[in-house]
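Student: I have just opened this entry and would like to get to know it. Could we go through it together, one question at a time?

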Amino acid sequence: MLKKKIGDILIEMRIITQQQLDDCLEEQRSTGKVLGQVLLDRKLVTKADLSQALAIQLGIPFIERITEQMADLQLLGKVPLKFLRQHNVIPIMFEAQKTIVTANPLDLQPLDDVALLMGGVINSAVATPEVISDAINRYYPLESSKEMMEELSSDEEGRAGEFEFGAEGMEEKDIMQQANEAPIVKLVNHIIVQAVKEGASDIHIEPFEKELRVRYRIDGEMYQRVVPPKRYQSAIVSRIKIMANLNIAEKRIPQDGRIQIKVGDKAIDIRTSILPCNFGERVVMRLLDKSKGAVDIEKLGMSERDFKVIRNNIERPNGIVLVSGPTGSGKTTTLYAALTRLNKPEVNIITVEDPVEYTISGVSQVQVNEKAGLTFAAALRSILRQDPDIVLIGEIRDVETAQIATQAALTGHLVLSTIHTNSAPATVTRLIDMGVEPFLIASSLACVISQRLVRRLCDKCKRQYSPNPELVARVGITKQDAVSITFFEPVGCEDCLNTGYKGRLPLFEVMEVNDEIAKLIVQRADASIIKEKALTQGMTLLAMDGIRNIKAGKTSIEEVMSVAYTEEANE
């Protein structure tokens, strides 16, 4: 019996029409491309559609997602990591059967090799290359923390000398494949890899009197993970210092460094800070996934009104656009999103940052170096002699930087920057307190964006519920509105590490400086008066934007109250 053709299967799946298939076959004949590539190029199908059609053609299962239950660690451990990556295959347990999932089931040699390692006949299934790659990175067994502690215990001396050499070229290696290293090296690698797998933004290694604690910051919350033996504290810190090219002999002063490594297919940049404390040196590592790049500003999830205001102001020829909020509120992400939109061949963009977090092609990025005298202000003065159209300043920290930014805006440049304030109206007061003249602020300031991050509810496990009416009232939702809103609460599943939340989303408060707001600034009006005027002109407070996201089922009342309600209640 002849197998059905992929094109006919896609028609039966109602993904494409006969006319679309005929057009693609015509292009295939003229170009020599395979049909699947033609369909993908024309955006008529996705890779998942093709994989599913291939599975139907061969009569084998299609795996849409590989879960933790499917990922049998004993099976995975039998096959070298390099082999799985090279052939894009992964052995799993599917419906109580040993199954090898492949992106290319017509390539039989890797399937036979894995079957041999498994010791017999093994079933096949199809998944997209991305699903398989993600599962390998997520589930391939590292030594467990318990096993690692046992190995460390057997190494009674805890020698740091075993890993003091060979640190050069660390960025060229995938640390998931460094299986034959010394125990301390493997432990540090394990801590970093686990943090990347769990989506942590920071790793904290904290010395106390009788223990050494390792915690991860995931979606803004701290979670304890590993508690290595206290006696290996010095060796662990020394290993991190070597990776960051820091002085391992210096333990009396703070040190900052940078580590560049690969974890699976991800290039990770780690900013490392070491601080002497009373029970040893405390280490914080900020993880930046360089493979992610900048986000499109349209995908930040802001309201239609806020998007229009921001778009109009970042596309103007001059003025200052400020993004305010505390550390870790996503200010840099918003600025990079704006830069990505503005980045065109006919525009000259220069940034001064501390540090440069993501590289943007076509943008000249300057790294602040205060030890060498290259401060924000010094760099900004030089940048203005480079004929820029748009200037991004990582942060306005002092009056000198603020005044140069103001003068740059008044002389025909668009300036983007961040500042630490609690709300958009309070930003004006902060600039005045810094020493910038009100009339200069009124003439140069175009727009202020205040933002916070809240945790996003996990789509896999969130559930409907009826919240306490008092809680609903406290967040600012009326009884009439509450009747028409479907509220969701976190539950917890394997997909979100049993937290009920996965990822974060921003809340925005966008104030446009028009003529009326400018008059109030010149008059040195209080922030509360500026806020009231901005509200009458359409500005929404952080709590209001939080309510919009609650109504959309994206976050919970508690999350909005934790970042928006508290601050606005205390104004």
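Student: How many Å apart are the mean positions of the positive and negative charges of the chain?

Tutor: Keep in mind that we are looking at a predicted model. The chain has 69 positive and 79 negative charges.

Student: How many helices and strands does the chain have, and what is its radius of gyration?

Tutor: Its secondary structure comes to 23 helices and 18 strands. For 571 residues the globule rule gives 25 Å, and the chain's value is close to that, so the chain is as compact as a globular protein of that length. The radius of gyration itself is 27 Å.

Student: How many disulfides does a search of the whole structure find?

Tutor: For C461, the nearest cysteine sulfur is that of C493, 3.8 Å away, and C461 is in no disulfide. The sulfur of C496 also has its closest cysteine sulfur in C493, at 3.8 Å, which is too far for a bond. Over the whole structure, the number of disulfides found is 0.

Student: Is C496 buried or exposed?

Tutor: The cut-off for buried is a relative accessible area under 20%. C461, with 11%, falls on the buried side. C496 has a relative accessible area of 4%, so C496 is buried.

Student: How many of the 11 residues of helix α11 are buried?

Tutor: Helix α11 runs over residues 233-243 and is mostly covered. Its buried residues include Q233, R239 and K241, along with I236 and V237. They pack against α10, β4, β5, β7, β8 and β9. The count of buried residues in α11 is 10.

Student: Where is K43 found, and is K43 buried or exposed?

Tutor: K43 is a residue other than glycine with a positive phi, near 60°. Its place is the loop between α3 (35-41) and α4. With 75% relative accessibility, K43 counts as exposed.

Student: What is the relative accessibility of N498?

Tutor: N498 has a positive phi too, near 60°. You will find N498 in the loop between β17 (488-489) and β18 (501-512). N498 counts as exposed, with a relative accessibility of 58%.

Student: Leaving aside neighbours within four places in sequence, which residues is Q52 in contact with?

Tutor: Q52 sits in helix α4, residues 47-58, and is partly exposed at 32% relative accessibility. E64, 12 residues apart from Q52 in sequence, is 8.5 Å apart in space, C-alpha to C-alpha. Once neighbours within four places are set aside, the contacts of Q52 are M13 and F62.

Methods. Residues numbered from 1 in each chain as written. Predicted model: local features only at pLDDT ≥ 70, side-chain atom pairs only at ≥ 80, totals over all residues. Heavy atoms only, no water. Helix = DSSP H or I, 4+ residues; strand = E, 2+ residues; numbered from the N terminus. Rg over C-alpha atoms; globule rule 2.2 N^0.38 Å. Lys, Arg positive; Asp, Glu negative; His and termini not counted. Charge placed at Lys NZ, Arg CZ, Asp CG, Glu CD. Disulfide = S-S within 2.5 Å. Buried < 20%, exposed > 50% of the residue type's maximum accessible area, 1.4 Å probe, protein only. Contact = heavy atoms within 4.5 Å.
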